[in-house]
Amino acid sequence: MAEKFRRIKKERPRLVKNIFTGKFLIAGLVLIFLSGLAAWSYWGSDVLREDSPGQTQIVDRALAAVVCRNGECFWLNKEGVSFNKSGKTAGNLVMNLEDKTGRDLKVGAELLNPGVMAELFFLKQKIYEEFGVSLRMGEIDNAKLSDFNFITQEGRALKISTGQNAYKTIEILKQTLAEIKKAAPTSGLEYIDLRVPNKVYYRFK
């Protein structure tokens, strides 16, 4: 008659088992606490909106643009509200702007109108798609916060205004580049100014 063999499991003494279980439980709780503390230090506190005194509102912290002045930079979400004070960032997804207006910059303030933000990102994307021109560093140079000077990857200046119709701006830029290409090589082009309604200015070095 065949005998059946059963594998015998070696078990730790109950006291040892309880000690190990307790250590792992404590370690897990400590990790959860530290992770929560780290997240709270950055995300936990709401930003006080300047336009609603006495009320704390939750502000979106997805980085869309960075506005700097003299090395002091403020991170903006897509609504144009500053939610953090930090350094510059690199990459095509984030718009970097240097503020030349002399206005007060601070965390919690709407540094750019949401409509202006949307127009800038639309223009940046369309100019790249239509002409292969990448807008790098930009400058805010008027108190209305609607005129911007951008430097392209070739080192040329493109001056645009969000106060103008974006589609018209793209069309005028297309016509201007075609005209410049016929008249002279674009390598000597210094800037194109599209800020004035129904007019365009450009200059060679």
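User: Hi! Which residues is Ala166 in contact with, leaving aside neighbours within four places in sequence?

Analyst: Ala166 is in contact with Glu119, Phe122 and Leu123, where contact means heavy atoms within 4.5 Å. This is a predicted model, so local features need pLDDT of at least 70 and side-chain atom pairs count only at pLDDT 80 or more, while totals for chains, interfaces and linings use all residues. Residues are numbered from 1 along each chain as its sequence is written, and side-chain values use heavy atoms, with hydrogens and water left out.

User: How far apart are the C-alpha atoms of Ala166 and Glu119?

Analyst: They are separated by 7.1 Å, although the two residues sit 47 residues apart along the chain.

User: Is Ala166 buried or exposed?

Analyst: Ala166 counts as buried because its relative accessibility is 6%. Buried means under 20% relative accessible area, exposed over 50%, and partly exposed in between (1.4 Å probe, protein chains only).

User: And which helix does Ala166 lie in?

Analyst: Helix 3, which covers residues 166–183. Helices (H or I, at least four residues) and strands (E, at least two) are DSSP runs, numbered from the N terminus.

User: New topic! Which residues touch the most other members of the largest nonpolar core?

Analyst: Leu76, Leu97, Leu112, Phe148, Phe150 and Leu158 do, out of 32 residues. A nonpolar core is a set of buried Ala, Val, Leu, Ile, Met, Phe, Trp, Tyr and Cys residues joined through side-chain atoms within 4.5 Å. There is also a second, separate core of eight residues, including Val59 and Cys68.

User: How many residues of the chain count as buried?

Analyst: 34% of the 205 residues do.
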